[in-house]
Amino acid sequence: MTGGLAEVPSLRPASFPQPADIWNALPAPMLLLAPDGRVALANSAAETFLNVSQPQLVERGWEWLFPEDSPVRSLVQESRESRNDIAAYDLVVEFAGGRRARTDVLVGRLPDQEGWLALSFQPRAVTSLVEKQKGQQGAARSAIGVAAMLAHEIKNPLSGIRGAAQLLAEAADRDGKELTGLIISEVDRVRALIDRMEGFTDTRPRTLQRENIHSVLGHVRMLAEAGFGSDLKFRERYDPSLPPVMGDRDGLVQTFLNLIKNAVEASPAGGTVTITTAFRQGFRMRAHGTSARVSLPLEVCIIDEGEGAPPQIADHLFEPFVSARRGGTGLGLALVAKIVGDHGGIVEYDRRQGRTVFRVLLPLAPDEE
């Protein structure tokens, strides 16, 4: 006998996964649509992506999830009318509730099943985050090189310039003292800039230990309320059940202090900065330099009510010397990207319903066992 299960005795029919198990194991969100448009099946990934259970989809259908002018509706209709498979890539799909997702949409016909369609989504978030991780790592390496060069070539001569200006000031008249004072203040400003850039030059591995992310965020909030954020309101929406993160406390404090300071500076007078935490099941990324996949389920969001970054620089915010703020150095977010990357995580920028969101995804600490 050729072919079939008889050639592989170890694979008995009873040991095969059930069709429902295979369907739900598919990582891409998929809906099986009957000829009349009803939902016959929805896998687990679709329930998560659409934020609706399969019984609801079977009962209510799928069209109500999308506005009348949604490209998803158009693609399904086009596939039915043309009797062809349809694929559209990198779409921004809006849901009826206002949520948006960047995704590929594929509509395929079932062979020998007239009128039956498989509607599949391939969210672009994972792909874009992988690209962002690579970009952030490259930006961090560039910043390290630039910072090391500047620290070596500029910082030492600055001390000599400052000392010479102080000596000149001792024998100068009033106008001369004003000029030497200007020199000294500018030297101090440049030196402070170099001090900030030196944060990029330390490439030693961080000492990581189990940290309570809410303890870190609480400390950062106290610093903000007592200083640069005293005129704003802070709101917390925390998931109290979050397990510990494996982190360097000083690095995490610096990361979220920079993000909250950025949010405060972008907020209108009397505005509110919101800090949220959540557990995002199932998000995994390939670890840098290995084939292993690392879970990044711990999410921290810093949300402000500002206008956000100009569109032309939104994709470059984590690169050094790119700033949305006039007079900004563009180093704060680049340093955030470096520190988060050192922790094996990801940071991203987004605009949601008129608000700016900086989202940090981190791995959890392993079980103490």
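## Hairpin

Two strands pair if DSSP finds at least two bridges between them. Strands (E, at least two residues) and helices (H or I, at least four) are DSSP runs, numbered from the N terminus. Strand 1 and strand 2 form a hairpin with 5 residues between them. In its turn, G37 has a positive phi of about 95 degrees.

Strand 1 covers residues 30-33 and strand 2 residues 39-42; their pairing is antiparallel, over 3 bridges. L31 has A42 as its bridge partner in strand 2.

## Basis of the model

This is a predicted model: local features need pLDDT of at least 70, side-chain atom pairs count only at pLDDT 80 or more, and totals for chains, interfaces and linings use all residues. Residues are numbered from 1 along each chain as its sequence is written, and side-chain values use heavy atoms, with hydrogens and water left out.

An open sheet of 5 strands runs in the order 7-9-12-14-13, with mixed pairing. Strand 7 (233-237) and strand 13 (346-352) are the edges; each has a single partner strand, so one side of each lacks a neighbour in the sheet. The twist averages 20 degrees from one strand to the next.

Strand 9 (residues 272-279) pairs with strand 12 (residues 298-304) in the antiparallel sense, over 6 bridges. Here I275 stands opposite I302 in strand 12.

Helix 8 lies across strand 7, strand 9, strand 12 and strand 14 (355-362). It runs at about 25 degrees to strand 12. Angles run from 0 to 180 degrees between N-to-C directions, and axes are lines fitted to C-alpha atoms, for helices over the stretch in contact. Helix 9 packs on the sheet, touching strand 13 and strand 14. Contact means heavy atoms within 4.5 Å.

The axes of helix 8 (residues 249-266) and helix 9 (residues 332-342) come within 9 Å and cross at roughly 145 degrees. Residues in contact include Q254 and L259 in helix 8, and L335 and I339 in helix 9.

## Aromatic cluster

Rings of Phe, Tyr and Trp (its six-membered ring) pair if their centres lie within 6.5 Å; planes under 30 degrees apart count as stacked, over 60 as edge-to-face and the rest as tilted. The whole structure holds 7 aromatic pairs. F49 and F95 have ring centres 5.8 Å apart and planes at 70 degrees, so they are edge-to-face. F49 sits in helix 2 (residues 44-50), and F95 in the loop between strand 3 (86-94) and strand 4 (100-109).

Ring pairs link F49, W62, F66, F95 and F121 into a cluster.
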